[in-house]
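Reader: Take me closely through one part of this model, beginning with a single pairing. Then finish with the ligand site.

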Amino acid sequence: MITRTQLSRLGLFDAKVPRYTSYPTAPHFSGDVTPGDFARWIEAVPENGTVSLYLHVPFCRRLCWFCACRTQGTATLGPVESYVETLKAELDLLKQHLPRGVKLSRLHWGGGTPTLLTPDLMKALIDKVAEVADFAPNAEFSVEIDPNEIDGARLDVLAAGGMNRASIGVQDFDLEIQQTIGREQSYDVTRTAIEMIRERGVASLNADILFGLPHQSKARITETVQKLLSLGPDRVALYGYAHVPWMAKRQQMIPSDALPTPDERLELFETARRLFAWDGYAEIGIDHFAVPEDGLAIAQKTGKLRRNFQGYTDDTSEVLIGVGASSISRFPQGFAQNAPATSAHVAAIREGRFSTARGHTFRGEDKLRSRMIEMLMCDFRIRSAELVRDFGAREAELVAMYRAANERFEGLLEITEDGLFVPVEARPLTRIVARAFDAYDLSKAGHSSAI
Ligand code: SF4
């Protein structure tokens, strides 16, 4: 049985490791990818194929202290209205380059707070997206909904526009914790928002909660999970709070001495994990849970679970196009990121060009390593046969890589006939194991704690 001491020695508690929502990870993008590359990659999408579309709204009414998202606070509607005009212009530009017959397998509105948009702005955006592409059969339209910033009129527009999945941030229901992280959102406000969502026929609900928050204890996270379970979410993401006040300045408002120790973080995660498992949720990858009939649970069972910028997904589209400031797109050719600053993004779109500022063109072993890391993060195993088939990898070289990784993890991994396997007791190390296959992560700086 793996011990805490072993986990600690192998770097679990203090290692800064990426979440591997992409490979290479965004800090390794460079300025080599241009707006011209981005346009060409869009034009190369197969006619009648599918793409996923992500729309980013980088505004919030309030700026929660714990949140490291790149978003700006606004008390007035003016900046939001002007930004929506930019999004519409960007969607027009996208339409000019997108081949005929392409359909949307996924549409996701994230932020920031997309529900800051008025019903009229939402409707305008939904109509503009419909001009770019129709939904594919069984498409998913999901929206991040702030229970403090939602009402019936907005939900009516979203539901009429096809929203069939809502995503709600909870963090923790405990009032002292909420006050310490600068985000108050009562259980009643959350429950009411969920009821309103369901009344409109939106059946699928995601919720995010955090472990590792200041003042969080086993009793408090137990209560939060039980309250959340009473709301019946289909999917839950259980993320570790990453305290990086040197990068996310707002986090300086959070007292470091109220944070749980690394050992306590692991206990908090385990407490929540067990509660979801006892309630019948399937464990998805390293930090998600889903009811057995949910698409993620089915994808995991059938080996079709994938990883993208939103975490885990059952989306099979090869192409994800990000619209809005700082959004990242993924193509078979590589990644392209829009200008991170809203002002620079808006300026580019107004000039009639994409704002692509950085990215990465796949080369060498990128796709092979990307898939190895994705398999580890999704299935806790690397299947050699698939890598040989899809990337022309050589079995002997793969085995040498597995051996090197296993040596680094003191034999805790299993090298099988099929490939490499991370046994249950070593799974808290998964992100660190994945890093062993990351050829770019030399600096290991700026990422979040592995647990
Ligand atoms: S948690 Fe949500 S509402 Fe709060 S700052 Fe982050 S994106 Fe904005």
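Author: Glu414 has its bridge partner in β20: Phe421. This is a predicted model, where local features need pLDDT of at least 70, side-chain atom pairs count only at pLDDT 80 or more, and totals for chains, interfaces and linings use all residues. Residues are numbered from 1 along each chain as its sequence is written, and side-chain values use heavy atoms, without hydrogens and water.

β19 and β20 (residues 419–421) run antiparallel, joined by 2 bridges. Pairing requires at least two DSSP bridges between two strands. Strands are DSSP E runs of at least two residues, helices H or I runs of at least four, numbered from the N terminus. The open sheet has 3 strands, ordered β18-β20-β19, with antiparallel pairing. β18 (381–383) and β19 (414–415) each have a single partner strand, so one side of each lacks a neighbour in the sheet. Helix α13 (residues 384–391) packs on this sheet and touches β18 and β20. Contact means heavy atoms within 4.5 Å. The direction of α13 makes about 45° with that of β18; axes are lines fitted to C-alpha atoms, for helices over the stretch in contact, and angles run from 0 to 180 degrees between N-to-C directions.

Now the ligand. Among the residues around it are Cys60, Cys64, Cys67 and Arg183, counted when a heavy atom lies within 4 Å. Cys60 is in strand β3 (residues 59–60). Cys60 counts as buried because its relative accessibility is 10%, and buried means under 20% relative accessible area (1.4 Å probe, protein chains only). Cys67 is in the loop between β3 and β4 (72–73). At 16%, Cys67 is buried too.

Note on methods: Buried means under 20% relative accessible area, exposed over 50%, partly exposed in between (1.4 Å probe, protein chains only).
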